Amino acid sequence: MLFFENDYSTATHPEILKRIGELNLEKLSGYGCDKVSESAREKIRKVCERDDLEIFFLVGGTQTNAVMVNSILRAYEGVVAVTTGHISTHEAGAIEYTGHKVLTIPQHQGKMNPDELKDYLVSFYNDDLQTHSVYPGAVYVSHPTEYGTLYTKAELEKISSICKEYEIPFILDGARLGYGVSARETDVTMADIARLCDVFYIGGTKLGALFGEALVYKKENCQKHFSTFIKTHGALLAKGYVTGAQFDEFFTNDLYFKAGKHAIDMAEKLKAGLKAKGYKFYFESPTNLQFPILENEKVEELLKEVVFSFREKYDDNHTIIRLVTDWSTKEEDVDKLLELF
């Protein structure tokens with residue numbers, strides 16, 4: 001079988017696994033209070049071009065989103081996201097479980113339209129009954145989106161500006177951030193993300209970490225004793241040095257960006273091959289998530305030899321599927337997949 005199901009089917013990047021092995025018998029302090037985790041933090045500050053960042057290493061994306069959102073909101077506030085946002089759809093109500101509502105607005109190829117965000121906030125604050133409603137306390141986007149699409153720097157700047165105008169934090173889900181900043185057409189860098197967002201995270205699980213995400217706050221947005229807050233959410237890992245070591249390796253010799261670029265190269269090869277065969281796409285994705293439109297019979301035929309996890313009806317005779325490349329995708333597997341079309 002060929003696996004194009006997701007970007008975490010392969011457990012761990014060999015360089016990450018090697019680094020964990022090198023540290024395996026070394027005695028290190030727990031809970032992220034170790035020299036390796038601190039080295040990772042310094043490297044992240046350097047790549048983000050900011051010294052005023054507080055960085056915490058958590059285990060997975062849903063856990064990180066829940067901690068991030070809950071930490072930034074007051075009790076009566078919710079978080080604004082598009083209808084297809086990860087926290088709106090595929091996190092099993094994890095945000096609502098913390099006591100905060102996800103306030104949804106329309107999506108456009110997975111993205112939030114800044115003008116619609118502004119209209120939403122204007123309408124809310126012009127409503128005489130606002131005191132009986134959940135207040136918008138933060139704005140959430142993911143980059144890339146659930147559809148693999150990307151925000152431009154101008155779009156992120158506009159959303160950030162609106163958030164500053166209304167004095168609400170701008171938060172960013174970076175589960176696939178490494179693929180976003182490695183895309184060929186993007187004009188957004190890690191430094192841009194750090195400049196424009198109040199809180200964001202750098203995804204590791206989908207870039208080749210065994211597990212782990214790096215949650216990043218500007219210092220003024222980070223609660224005091226934040227490790228205690230993380231622990232009350234069951235998210236403080238005793239062997240924190242394992243996560244820290246992975247990010248220390250990610251940001252040594254540009255491994256994080258090399259892993260992202262490889263996935264993008266494989267996705268571009270796949271996209272070009274499918275276009276050459278006459279296939280159309282639901283929309284243009286510049287990242288490692290590709291959404292071709294297939295005849296229903298072709299989908300059933302592919303399922304016999306290819307593993308993929310997403311199917312959505314396009315019309316009565318066609319289906320949209322999702323094909324995912326990652327840091328470990330082999331070029332020969334892309335070639336084999338194209339032969340099946």
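Mentor: Two strands are counted as paired if DSSP finds at least two bridges between them. The strands themselves, like the helices, are DSSP runs numbered from the N terminus: a strand (E) has at least two residues and a helix (H or I) at least four. The model is a predicted one, in which local features need pLDDT of at least 70 and side-chain atom pairs count only at pLDDT 80 or more, whereas totals for chains, interfaces and linings use all residues. Residues are numbered from 1 along each chain as its sequence is written, and side-chain values use heavy atoms, with hydrogens and water left out.

The sheet is open and has 4 strands in the order S9-S11-S14-S13, with antiparallel pairing. Its edge strands are S9 (280-281) and S13 (311-315), each of which pairs on one side only. Strands of a sheet pair through backbone hydrogen bonds, either parallel or antiparallel. Aspartate 315 has histidine 318 in S14 as its bridge partner.

A charged pair involves lysine 313, which forms a salt bridge with aspartate 316; the closest N and O atoms are 3.0 Å apart. A salt bridge here is a side-chain nitrogen of Lys or Arg within 4 Å of a carboxyl oxygen of Asp or Glu. Both aspartate 316 and lysine 313 are exposed. For accessibility, buried means under 20% relative accessible area, exposed over 50%, and partly exposed in between, with a 1.4 Å probe and protein chains only.

Across the whole structure, the search finds 26 salt bridges. One of them, between lysine 111 and glutamate 155, has its closest N and O atoms 2.8 Å apart. This pair links distant parts of the chain, 44 residues apart: lysine 111 is in the loop between S4 and H6, and glutamate 155 is in helix H7. Lysine 111 counts as buried because its relative accessibility is 16%, while glutamate 155, at 23%, counts as partly exposed.

The pair of arginine 41 and glutamate 38 is a local one: both lie in helix H2 (residues 35-48), 3 residues apart, about one turn of the helix. Their side chains meet in a salt bridge of 3.3 Å, N to O. Arginine 41 has a relative accessibility of 11% and therefore counts as buried; glutamate 38 is partly exposed, with a relative accessible area of 34%.

Glutamine 109 lies in the loop between strand S4 (102-105) and helix H6 (114-125). Its phi is positive, about 55°, although glutamine 109 is not a glycine. With 43% relative accessibility, glutamine 109 counts as partly exposed.

Glutamate 167 likewise is not a glycine and has a positive phi of about 55°. The residue sits in the loop between H7 and strand S6 (170-173). Glutamate 167 has 73% relative accessibility, so it counts as exposed.

A cis peptide bond, with omega about 0°, joins histidine 143 and proline 144. Proline 144 belongs to the loop between strand S5 (135-142) and helix H7 (153-166).
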